[in-house]
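Work through the exercises below with the coordinates open, and compare each step with the solution that follows the task.

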Amino acid sequence: MQQFDNNEHPHRRYNPLTGEWVLVSPHRSKRPWQGQKEAASNTALPAYDPECYLCAGNIRSNGVRNDEYTDIFVFNNDFPSLLTDEVSTQENSSSLFQLKPERGINKVICFSPRHDLTIPEMEISALVKVVETWKEQYTELGSKDFINHVQIFENKGSVMGCSNPHPHGQIWAQSSLPTLVEKTQANLLDYYEKNGKSLLADYLAEELTKKERIVVENEHFAVVVPFWATWPYETMIISKRHFGAITEMTAEETLAFAEILKRITVKYDNLFETSFPYSSGIHQKPTDGKPHHEWHFHMHFYPPLLRSASVKKFMVGYEMMAEAQRDISPEKSAEILRNLPEIHYKQKTI
Ligand code: H2U
């Protein structure tokens, strides 16, 4: 019988954050592709677009005019998925038809007045302001009695359904813990209760020793392609110190977080020399007033591109029916990302 080789043989890996498994098929990454190609987004954008609903001073779809902002601009989403209104409901005892009203607030954050700048192209000092805004929003929204969870995220690129290239992110704050966060919290808590330590602190310590899946690191954060990554170039930024919320970062950690945010996104853009699409989001402790020592601050990047600027991974078929699956191994992805330059390809001198 052949000796198992994780670069050759199909296997499953466990995600301790979600409790789910992923099927890894490294032998399959050479398969030919004749499927859909996405349009690569390399068209140069203007610094200001009079038609953009996020540019400074422009009018949004509901007729409200944006501030003449010079760095960050936050506004209430004009088409929110959640509303603040309290409603009364009938008691519902059916286990098969469960329904709960949900309250919340949705915000949009413009990262820069420049229509053509994305996170990888922004100055670190400007990214520090983005991180400071995330902290303010987490505090402001989280302090409301009906808000128990604040989800900060960014959808980048039309492949991800992002409606506008102007650099922006969103916040959905709500009463309940959303499903994925609830699952993660249960697993973090279980580990914390059994071991008296943070799951991600232990995980990161091992990753930093092995160095197989580390992409970049600085004094306070590391970027890793998780052992259990699903998306081809999925990564996670993990804080080296165990803390639960963005508001617990020191000034030095804030700067280090902004720096690592730029470094990983520059690498992403350099991978296929395109503005790299992804969904990213911060996972941190709920704002329900409880201590939540089990939480360990981290940020996920889920990028869909697989082989080039135009070929993306589809989570369909087996993945929809059975389990997530990947071809390229997480170790190989980490090696590719690690070896990419840290100067943005648009700034390359020929
Ligand atoms: P994306 O990040 O998916 O592109 O979403 C942009 C958000 O901006 C989206 O949630 C909001 C949409 O509701 N929006 C406004 O609040 N006002 C507008 O005038 C257009 C879009």
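Rings of Phe, Tyr and Trp (its six-membered ring) pair if their centres lie within 6.5 Å, and planes under 30 degrees apart count as stacked, over 60 as edge-to-face and the rest as tilted. This is a predicted model, in which local features need pLDDT of at least 70 and side-chain atom pairs count only at pLDDT 80 or more, while totals for chains, interfaces and linings use all residues. Residues are numbered from 1 along each chain as its sequence is written, and side-chain values use heavy atoms, with hydrogens and water left out.

**Exercise 1.** Find how many aromatic pairs the whole structure holds, and classify the pair of Phe111 and Trp134.

Solution. A search of the whole structure gives 16 aromatic pairs. For Phe111 and Trp134, the centre-to-centre distance is 6.1 Å and the angle between the planes is 85°, an edge-to-face arrangement. Phe111 belongs to the loop between β4 (104–110) and α1 (124–142) and Trp134 to helix α1, so the pair ties together parts that are 23 residues apart in sequence; helices (H or I, at least four residues) and strands (E, at least two) are DSSP runs, numbered from the N terminus. Phe111 counts as buried because its relative accessibility is 2%, and Trp134 is likewise buried at 5%, where buried means under 20% relative accessible area, exposed over 50%, and partly exposed in between (1.4 Å probe, protein chains only).

**Exercise 2.** Classify the pair of Phe153 and Trp172, and locate both residues in the chain.

Solution. The ring centres of Phe153 and Trp172 are 5.8 Å apart and the planes stand at 75°, so this pair is edge-to-face. It links distant parts of the chain, with Phe153 in strand β5 (residues 149–156) and Trp172 in strand β6 (residues 168–174), 19 residues apart. Trp172 is partly exposed, at 33% relative accessibility.
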